[in-house]
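Here are some notes to read beside the structure. Please keep the sequence and the 3D view open while going through the points.

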Amino acid sequence: EDPDYLLHLPPDRLSQTQVESIKVQMSRRLNARCRGLLEVCDNRVEFLHRTVMDFLEKSEMVDELKRKAPKRYNVGFSLFKAFSGHVQTMIALDPEFDSQQKPCEELMYASKRFGRALKETVALASELQSHPQLHTLLDQMVQTLPKNLVFKRDWKSDYVPCSVCSRFWEMIIKARMQEYILRAVQRLPEYFPEPFRPEDGRMV
């Protein structure tokens, strides 16, 4: 497998047909490799039973898994890459609005599932701030976010759109990822949507 698969992702998001095909393929692989100890349930991978997780958390099993893992294998970084790839390729639209959406409309509404995936990606990134590849992969992910993709905010029964890019930077700031913010300001000042755009090289 390509360790840099995240850098080689196709530029277009996956269609529903492609998603379903991959789900079937990965379910088969999961069953073949894990012998039924893991299963796919409602688009989530779960342990067959709590006792499986308890068994794998035993100290002797932890040591065995570490011994068999490739050298310099970073679990956190592997999870970050998986979630980042998920964000870049998943169908991001809210099905409630997707069926009513017209191609010429300016705004497209993102699903809650997409928001959760983005939040989890940033949480994983915040634990990897010293990793040499992190900034490059974050840059790539953000640049794939459609400019007209928004989350809907319910405020006094009205839907107030919030751009996905703005929400991303809110998450980055709350995660205290100062080094990434400073480097992004220097490289790509136009990278930031309002109200996060820097003025005169400084972060507002």
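1. A residue counts as buried under 20% relative accessible area, as exposed over 50%, and as partly exposed in between. Arg176, at 62% relative accessibility, is therefore exposed. Please bear in mind throughout that this is a predicted model.

2. Arg176 sits in the loop that links α8 and α9. Its backbone deserves a look: phi of Arg176 is near 60°, which is a positive value in a residue other than glycine.

3. Arg72 is placed in the loop between α3 (59–68) and α4. Is Arg72 buried or exposed? With a relative accessibility of 87%, Arg72 counts as exposed.

4. Now the chain as a whole. It contains nine helices and five strands. Read from the N terminus, the order of elements is α-β-β-α-α-α-α-β-α-α-β-β-α-α. The chain has 204 residues, and 31% of them count as buried.

5. Arg183 belongs to helix α9, and Arg183 is partly exposed because its relative accessible area is 40%.

6. The largest nonpolar core has 33 residues. Those touching the most other members are Phe80, Phe114, Leu138, Val164, Phe168, Ile172 and Tyr180. At least two residues of this core come from each of α4 (75–89), α6 (112–126), α7 (134–143), β4 (149–155), α8 (164–174) and α9 (178–187).

7. Two packed helices are described by the angle between their axes and the distance between the axes. For α4 and α7 the angle is about 15° and the axes are 10 Å apart. Angles under 35 degrees count as roughly parallel, so α4 and α7 are roughly parallel to each other. The crossing of α4 past α7 is left-handed. On the α4 side, the contact is made by Phe77, Phe80, Lys81, Ser84, Val87 and Gln88. On the α7 side, Leu134, Leu137, Leu138, Gln140 and Met141 take part.

8. Ser84 is a residue of helix α4. Which residues does Ser84 touch, leaving aside those up to four places away in sequence? They are Leu6, Thr121, Leu137 and Met141. Ser84 counts as buried because its relative accessibility is 0%.

9. Thr89 also has its place in helix α4. Its relative accessibility is 12%, so Thr89 counts as buried. Apart from residues up to four places away in sequence, Thr89 touches Leu9, Arg13 and Leu14.

Key
Residues numbered from 1 in each chain as written. Predicted model: local features only at pLDDT ≥ 70, side-chain atom pairs only at ≥ 80, totals over all residues. Heavy atoms only, no water. Helix = DSSP H or I, 4+ residues; strand = E, 2+ residues; numbered from the N terminus. Buried < 20%, exposed > 50% of the residue type's maximum accessible area, 1.4 Å probe, protein only. Core = buried A, V, L, I, M, F, W, Y, C linked by side-chain atoms within 4.5 Å. Contact = heavy atoms within 4.5 Å. Axes fitted to C-alpha atoms, helices over the stretch in contact; angles between N-to-C directions. Parallel < 35°, antiparallel > 145°, perpendicular 65-115°, else oblique. Left-handed = near helix turned anticlockwise from the far one by under 90°.
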